[in-house]
Amino acid sequence: MKKCICLLAGDGIGPEVLAQGVAAITAAAHDCELIFEDALIGGAAVDACNNPLPPETVEKCRKADAVYLGAVGGPKWDGLSPDMRPEKGLLGIRKELGLFANLRPAILWPELGGACLLRKETAEKGIDLIVVRELTGDVYFGCPRGEETRYGRRTAFNTMIYDEDEIHRIAHTAFAAARLRRKRVCSVDKSNVLETSRLWREIVTNVHAGYSDVELSHMYVDNAAMQLVRDPSQFDVIVTGNLFGDILSDEAAAITGSLGMLASASMGGSGPGLFEPIHGSAPDIAGTDSANPLATILSGAMLLRMGLDMPDAADRIETAVRKTLADGLRTRDIMEQGKTLASCAAMGQAVVNHIWKTSGQK
Ligand code: NAD
């Protein structure tokens, strides 16, 4: 089997962490020929060709089976016009690839229990959930929007809007994701108040008819925000709209602890998905070999599982990460007393060593 992965290293710590991610997926998918193709994005692309998303990058991504990204941005490009900012490259590639679903796992690794913001007895129950957020609709994109003067007062407005096709496709994504996990979906809305939410609930329920092996529940968003801190262990897959998902995915991520551990995937229709850590380019530590590469390595596991349909290889990475943490290795951001401080490269190599051991390569 041959698969092509487009690498967008980007800026700051992007190239450092992506190098470790590439080493991990190469080791884990040893029975498949992975072909890597580099392309420019963000500040690096602005420096090289005055465009944060050059057309060749879009073309290479479209042709690939999956896209693997480090991070973009940095103070060097902060003064540029909005169209030339590195972040424009990231928003642009998501749009070009038609990525309508963002999947963010929130996992509390038992070895990092001390970093959890919740009470000990709550944390002990474990957190292993994924938020599936609709990415291209809702109040962020709905029209009309704007500001005008009404009755002598400045008035601003946005439109919360979803059509049934948009809800259909995100519901399918969530049920499919649940099938790869513990087979439970909680759909979050505000259907006691909002028409968009009533349509959301109806369509999600209809789509569920095709997934009788998956359990479906519904929850109002205010309750979901509370339940996430009261007892996150009750959730497997949470599916929700763009606005609610924006807030809940950050809440879920924050309670587990470190930014350096959080992976994500953005999926579209038939084209390639985009896999990236949720953190930024961390200019404050770029070039010091001290970044935590695990978020990127775990995004690599998502790439293998969801992007290339290689669940065994994905399992190998996740098991290796767990073993590396159990060995006591920590990058600076997750360092605790009694543990061993590791550089970005050393952490990545330790994960690769565990992958090799479990797959009998060495
Ligand atoms: P950031 O995520 O880059 O950094 C926030 C803090 O977390 C910093 O102290 C940083 O050192 C630390 N950190 C982040 N990732 C880490 C890792 N893997 N290991 C150890 N520590 C880590 O957010 P920021 O400082 O607000 O933004 C910096 C730049 O990144 C900005 O230009 C911003 O626009 C951009 N950004 C890009 C993305 C992306 O590419 N997806 C996301 C967010 C921010």
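A polar side-chain atom of D284 lies 2.8 Å from an oxygen atom of the ligand. On its own the ligand has 800 Å² of accessible area, and the protein covers 67% of this. The model is a predicted one.

**Ligand surroundings**
- The ligand is surrounded by 20 residues, of which E87, G280, A282, D284 and N292 are the closest.
- In the side chain of E87, an N or O atom is 2.5 Å from an oxygen atom of the ligand.
- S281 takes part through its backbone, where an N or O atom lies 3.1 Å from an oxygen atom of the ligand.

**L248 in helix α9**
- Helix α9 spans residues 242–256 and includes L248.
- L248 counts as buried because its relative accessible area is 2%, and the limit for buried is under 20%.
- Leaving aside residues up to four places away in sequence, L248 touches V188, V221, A224, A225 and L228.

**Strands β6 and β7**
- Strand β6 (residues 146–150) and strand β7 (residues 153–157) run antiparallel and are joined by 5 bridges.
- Within this pairing, E148 stands opposite T155 of β7.
- The hairpin of β6 and β7 has 2 residues between the strands, and Y151 adopts a positive phi near 50 degrees there.

Key. Residues numbered from 1 in each chain as written. Predicted model: local features only at pLDDT ≥ 70, side-chain atom pairs only at ≥ 80, totals over all residues. Heavy atoms only, no water. Pairing = 2+ DSSP bridges. Helix = DSSP H or I, 4+ residues; strand = E, 2+ residues; numbered from the N terminus. Buried < 20%, exposed > 50% of the residue type's maximum accessible area, 1.4 Å probe, protein only. Contact = heavy atoms within 4.5 Å. Near = heavy atom within 4 Å. Polar contact = N/O pair within 3.5 Å; in protein donor to acceptor, adjacent residues only side chain to side chain. Areas by Shrake-Rupley, 256 points an atom, 1.4 Å probe, with all protein chains shown as cover.
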